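Hi there,

Here is the structure I promised to pass on to you. Have a look at it first, and my notes follow below.

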Amino acid sequence: MRKSPAISPVPTDSVPNQDHAGSQGVARPPNANKSYTEDGRTVLPILLDQFERHGNKTGWQQQEIYKIGAEIDGRKTDLPCYSFTTEREGPAVYLIGGIHGEEPAGPNALAKSLALLDHFSDQRTNQRTNPKTSDGQNKKRPKEGIPMVLIPLANPLGYALNWRYYDHPSDGRQGHSVGDSEHLLLREDQQGPRTAQAASEYAARFTEHVRSLLERYPPLLSIDFHEDDDIRGPPYIYSQGPLRSEDLVAKSVVQLLQKAGMGLQMTGKTTYGEEIRGGIAYTSDGSIDEFLAAEKYWHDDRAMIKPAARSVIVVETPIHGVALERRIAAHQSIIRRLPQLWEMVQERA
Ligand SMILES: [Zn+2]
């Protein structure tokens, strides 16, 4: 879940780190500046290296959205948040991971799936796999590669520290989400944004980056890979698109998670009182997911039309009591089905 209530607020006797010009202060409670490895997650330098190598592949463009200045294991460092786009532009799949640092399964699953994503994005893939008939024509119309926007590790500092936010371990009232989009989302009367300013410098840059891609990569399908650290019960996924719990893509994701052995809460209400149907909930939470699904947003002092994603899925896997390896496998099972999910969305054109 994204806006869960405070889990266990850490005493706020920390000193903001102002060493890095241009970076926001990073609160450092005692003993929290060591990189976190207890759950077996891929350590940050290796993960970043895997992503950077992906950026060097033909057919992909790598961009650095921002760097977060920090001190980890006694060393000052700048941790980059990368975005990768396919050379092929057009209606696209957005894959987002690691908005919350204590939810490592998504970024790890995306790192393990880079070769597969490269395959899905390659327009030659189907020409290779569709055998030709005697007259040299492909039996099936060769499909084009899937245009993609991949932001696999949105909050690298949170990941390194196992902190939910880059500036706080867990408390949503003190910490800031890099994906917060309230400054772009319209308030109810549509006469202005919900907040005058971005929640943080990183949220400003993250959303500006996504905004800058809307024209060349209009989002059709978005999958944001999260996890749920609530100990009170199993998670449910979110479907932020117009079809909400009736979205077949969301229903497929529920099935894939169940098949991967992830328990989900199928009915009842969310922590915030929203209905859960078939393991799927909808929430207006001001997140990047809500922004991708929105038909309008606030820009240049006015409401503007934007391409709205048809399916916006927020994946959730339970953190407590389930080994990270199994959670990663569950996220991977969704990524593996991307061509089928993509087809489902396109059929609704
Ligand atoms: Zn999350």
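Two residues are in contact here if their C-beta atoms, placed from the backbone, lie within 7 Å. Please keep in mind that this is a predicted model.

Let me begin with Ala 203, which sits in helix α6, residues 201-213. Leaving aside residues up to four places away in sequence, Ala 203 touches His 176, Ser 177, Val 178, Gly 179, Asp 180 and Ala 198. Ala 203 has 24 C-beta neighbours inside 10 Å and therefore counts as buried. The C-alpha atom of Ala 203 is also separated by 9.9 Å from that of Ala 154, although the two residues are 49 apart along the chain.

Next comes helix α2, which spans residues 105-112 and is mostly covered, with seven of its eight residues buried. Those are Ala 105, Gly 106, Pro 107, Asn 108, Ala 109, Leu 110 and Ala 111. Among the elements that cover them are α1 (44-55), β3 (92-97), α3 (114-121), α5 (156-161), β5 (219-225) and α9 (324-336).

On β6 (residues 237-239), the pairing with β10 is antiparallel, over two bridges, and Tyr 238 stands opposite Val 314.

How many of the five residues of β10 (311-315) are buried? Five of the five are: Ser 311, Ile 313 and Val 315 on one side, and Val 312 and Val 314 on the other, so that both faces are covered.

Terms used:
Residues numbered from 1 in each chain as written. Predicted model: local features only at pLDDT ≥ 70, side-chain atom pairs only at ≥ 80, totals over all residues. Helix = DSSP H or I, 4+ residues; strand = E, 2+ residues; numbered from the N terminus. Buried ≥ 20, exposed ≤ 12 C-beta atoms within 10 Å, placed from the backbone. Pairing = 2+ DSSP bridges.
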